[in-house]
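Reader: I am new to this structure and would like to learn how to read its features one at a time. Could you take me through them slowly?

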Amino acid sequence: MPDISCLGTMKCYFAASSLLFSVVISRLVCLGLSNRLPYFINYFFDTYLLINEDTPVGSSVTQLIARDLDNDPLVYGVVGEEASRFFAVESVTGVVWLRQPLDRETKSEFTVEFSVSDSQGVIKGTVNIQVGDVNDNAPTFHNQPYSVRIPENTPVGTPIFIVNATDPDQGAGGSVLYSFQPPSNFFAIDSARGIVTVIRGLDYEVTQAYQLQVNATDQDKNKPLSTLANLAIIITDVQDMDPVFINLPYSTNIYENSPPGTTVRMITAIDQDKGRPRGIGYTIVSGNTNSIFALDYISGALTLNGPLDRENPLYSNGFILTVKGTELNDDRTPSNATVTTTFNILVIDINDNAPEFNSSEYSVSIPELAQVGFALPLYIQVQDKDEGPNSVFEVYLVGNNSNHFIISPTSIQGKADIRVRVAVPLDYETIPRYEFSLFANESVPDHVGFARVKINLINENDNRPIFSQVLYNVSLFENVTVGTTVLTIHATDNDVGTYGKVSYFFSDDPDRFSLDKDTGVITLIGRLDYETTQRYTLTVIARDGGGEETTGRVRINVLDINDNVPTFQKDSYLGAIRENEPSVNQLVRLRATDEDSPPNNQITYSIVSASEFRSYFDISIYEGYGVISVTHPLDYEQVSNGVIYLTVMAKDAGNPPLNSTVPVTIEVFDENDNPPTFSKPSYTITVMEDIMAGATVLFLNATDLDRSREYGQESIIYSLEGSSHFRINARSGEITTTSLLDREAKSEYILIVRAVDGGVGHNQKTGIATVNITLLDINDNYPVWRDAPYYINLVEMTPPDSDVTTVVAFDPDLAENGTLLYSIRPPNKFYSINSTTGKIRTTGVVLDRENPNLQEAELMRKIVVSVTDCGRPPLRATSSATVFVNLLDLNDNDPTFQNLPFIAEVLEGLPAGSSVFQVVAIDLDEGLNGQVTYRMQVGMPRMDFVINSTIGLITSAVELDRERISEYYLRVVASDAGVPSKSSTSTLTVRVLDVNDENPTFFPAVYNVSLPEDVPRDFKVVRLNCTDADVGLNAELSYFITGGNQDGKFSVGFRDGVVRTVVNLDRETMASYTLILEAIDNGPAGNRRTGTATVYVTVLDVNDNRPIFLQSSYEGSVPEDIPESSSIVQLARETDTEISFHL
């Protein structure tokens, strides 16, 4: 019996050689050798397979090699879901190719089970696949962002930070070196450890922060990769800087009347340490006289601390203040960081002081005989403590008989000594005492200085006794008894006191008369004898207490016969009359006596001669006197020396008549009947405006026809009004300047000059002259801009030679000094200027408001004009005038798309209302002309998109579906709001990108296939029809058998979807298959979609098997009476209907 043992699966053939109905035993005969399975011979099944991670998808990574000792055709495959995702095996060649990218850093090795099968069996082998590293990862920084704060005084060499980057690659590709890119001058980084250190001194006040780029680079020699990270190093401030004052200098002025609390200046210092600047405390170091200023410690406000009087000697020169700013610590205590500054404060005068005399009362005694012009020994000083024009005032006397004295000077600025002089002869007996008010009066109301002046006259013996009669005439009969009182003489003396006490004496001692020295009584002490002496003429002396004497005459007539010539009582007569006085009835009374008896002693008077104006005088007798009267007014100025000499005759009635003459002197007193008269009613003069203060401008002289000293030329006093810039000498008439003049402030002065004589009150006469002073110009003023800077509107594209504006400067000087020349400096090609009128015009160079050239844009918008006068030398304005041109927009620019045309890609499935693209168009015009609105051109086939008309944002109106419409062409119109409007049109292409939103779809989804079991291996069972509406990788399908292929009889083409047989089928083993086919698209991991189909495979029987007895022998026993056709033994199963048996 042959050996039928087999290794593995054996192919056996059975046959029934003979059958004996009852006793024949069937035998199984083995007709061939047993099948040998294939086996892998690749080395990596025993070690490992290395595949670099950068191997491209679709690349062949190895080839499976197996050996089959039977030389059967082999089919290769890969087993397992994970392995199938990454690897595919070409079933015939055994080529293994990569299906998905490898990443060593994600998965560094795989355990993959490969299979090889011949027609009878399958062998599996496991391979360890190592993923080889490739430098495909750049270093990665950890714990970003990087930021560190360090103080500015961090020492050089101090480590301040460590950066950390790692690279998951291996070897040199995973080794990281650090550097700064670009290098820093202040910091260094350790290339290996990433430690950042300071290499140079830091200063917060220079730089507060450093933004460094740290470059981490791996060390791969072929393709090093690097990553950048930002390191922000923030420098914190350290208090290392002293404070500094700002807005220097602080010098300023303050008016003396400023109330306490007035802010004089703001003192401001800042801490130069800018990070956390400290507050500043302010103090006054020096110069704060009497603590007149207060400096707020915190705010730095310098205020007035008390009343400020410039006239105080401590304050008059101003102040030189030194202030200190001290940085304050957090607790407000002062630190050591300080700064000082010194500045001036000038006190500005205001007219707050009235003139003041050095005494409120002045008293002096002077002899009454003091001469006219005598200066009283008074120390009168008057001062106005203000300065400049504020200290100008007039001084004058007020009071009864104040005209008896004159004062000088009368016009004063600042301070002066006042001299009081005698103006007229004084008389103690008339006015023994004067009391005046002395006023110093400013033009400001209530600014009046006042003092009393008391002048006492010292009595002098300046009066002689005056007899009550010039001649005492008495007649006595010769028989008058001795002791008879002849008469009493009386003399008066206007002096007072002892000087006024009168004693009487005879000039010689007559023998017949006595004179009482005290009473003046003349008594007869001896008998009279007419024949011896008919008349006694006694000379009497009146003597005052000072020894002044006056003689008088006493005529004692002894009555008898007319033998005496009329005798005037005086040797001469004196009369006085004021000029212009109308008729005077009694100018002079004179009397002549005749010792004779009537009628011989009856006397008549007549004027026998006159030195002048004889017809103006008449004489008459009244009450025994010859009375001289004036018939016409006299004019003092026509009378020689003011005196007229008359000769008067007295004639008695005797026969022949006797006469005598007497001289009569008529003194004509001057009346103030002539005003002072200037040589011209007006004077016109010119002076240069730069005349110095105090310079003489003009001498004026007025004449007064009055010839007396009291009213005439010598009495004239000048005064001036019309301007405080001029004064006049009250006596000389010299006009001088009091201050500097400025023609531009006032070019002409009209002064009223008054000359007053010595008259008093209404009797004072005044002459007036006008002085017209014209100032001649000098070039002392710089041109000054009016209304600068200038702001004008100008429409762009303005045509050439169009008016822009006119700049105006003003020079108050005259003629060439005030003639101005304008120019544009620096030159401006867009504009020209008329050098004389200042009119600016366009030049013709196009004014385009949208000109992108910055320099030209500035020239279009700013015109700098300078101006000089034509003086010699010319003066230029201290600053230029700037004309700022606001270019008004014209709608001369179309909107310009900044980002169209463009292709915008959006994913399908985006919900309605999603932003797709923002169109940006710019119109260089401004206002409405540059206001852009957007719209989409009408006539679009679909309205799947809308555009925001204001911001140009395009949004979807529906959910986009690439499978419906994959690309849109949107015509976008950008229009401005100008009139007329300008617009531009461009195209936005919206490309809808595929999203893996469609499942692979088999058609049909169920396949029914019948094939005989003897089809060869790699037989095409069916081609699957599967589509995916997506595109690209999302539509790239891979096919897998996921069910019903437990024995691996079938395979499916990875890409073509063709189901093939892998090995021969055996209907007797498996008569049918239900294969579940799955199509997977190549969408993104995690979002891949699948579709399934079912393939029903029915294996049709082929007569490929001999009948096989189930037992090697069968035995059975039958009764002898068994009926025919009875079953004896069963040789096969009831289902084996295809087997027929033969005996």
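**Reading rings, sheets and cores**

Author: Ring pairs link Phe40, Tyr43, Phe44, Phe45, Tyr76 and Phe114 into a cluster. Please keep in mind throughout that this is a predicted model.

Reader: How many aromatic pairs does a search of the whole structure find, and what describes a pair of aromatic rings?

Author: A ring pair is described by how far apart the centres are and by the angle between the planes. Searching the whole structure gives 36 aromatic pairs. One of them joins Phe141 and Tyr146, whose ring centres are 5.9 Å apart with the planes at 80°, and the pair is therefore edge-to-face, since planes over 60 degrees apart count as such. Phe141 and Tyr146 are both buried.

Reader: What kind of pair do the rings of Phe945 and Tyr968 form, and which strands do the two residues lie in?

Author: With ring centres 4.8 Å apart and planes at 85°, Phe945 and Tyr968 make an edge-to-face pair. Phe945 belongs to strand β78 (residues 945-947) and Tyr968 to strand β80 (residues 967-976), so the pair ties together parts that are 23 residues apart in sequence. Phe945 and Tyr968 are both buried.

Reader: Which residues lie over the face of Phe505 and over the face of Tyr625?

Author: Over the face of Phe505 lies Arg543, at 4.6 Å from the ring centre, while Arg591 lies over the face of Tyr625, at 4.7 Å from the ring centre.

Reader: Let us turn to sheets. In what order do the strands of the open sheet of three strands stand, and which strands are at the edges?

Author: In general, the strands of a sheet are paired through backbone hydrogen bonds, in either a parallel or an antiparallel manner. Here the open sheet of three strands has the order β12-β16-β15, and its pairing is antiparallel. The edges are taken by β12 (159-162) and β15 (187-189), each of which has a single partner strand, so one side of each is left without a neighbour in the sheet. On average, and with direction ignored, neighbouring strands of this sheet are turned by 25° against each other. The antiparallel strands β12 and β16 (residues 195-198) are joined by three bridges, and the bridge partner of Ile162 in β16 is Ile195.

Reader: How many residues does the largest nonpolar core have, and which strands each supply at least two residues of this core?

Author: The largest nonpolar core has 29 residues, and those with the most contacts inside it include Phe357, Val395 and Leu438. Among the strands that each supply at least two residues of this core are β30 (380-383), β34 (415-422) and β35 (433-441). Leu438 touches several residues beyond four places away in sequence, including Phe357, Ile380, Val395 and Phe450. A second, separate core of 26 residues includes Phe568, Val584, Leu590 and Ile619.

Reader: How many bridges join β30 to β34, and which residue in β34 stands opposite Gln381?

Author: Four bridges join β30 to β34, and these strands run antiparallel; Gln381 stands opposite Asp417 in β34. Strand β28 (residues 356-357) is also antiparallel to β30, to which two bridges join it, with Glu356 opposite Gln383 in β30.

Reader: Finally, is Tyr790 buried or exposed, and which residues does it touch?

Author: Tyr790, found in strand β65 (residues 790-795), counts as buried because its relative accessibility is 9%, and buried means under 20%. Leaving aside residues up to four places away in sequence, Tyr790 touches Trp785, Thr806, Val807, Val808, Ala881, Thr882, Val883 and Phe884.

Technical notes. Residues numbered from 1 in each chain as written. Predicted model: local features only at pLDDT ≥ 70, side-chain atom pairs only at ≥ 80, totals over all residues. Heavy atoms only, no water. Pairing = 2+ DSSP bridges. Axes fitted to C-alpha atoms, helices over the stretch in contact; angles between N-to-C directions. Phe/Tyr/Trp six-rings, centres within 6.5 Å; stacked < 30°, edge-to-face > 60°. Buried < 20%, exposed > 50% of the residue type's maximum accessible area, 1.4 Å probe, protein only. Lys NZ or Arg CZ within 6 Å of the ring centre and 35° of its normal. Core = buried A, V, L, I, M, F, W, Y, C linked by side-chain atoms within 4.5 Å. Contact = heavy atoms within 4.5 Å.
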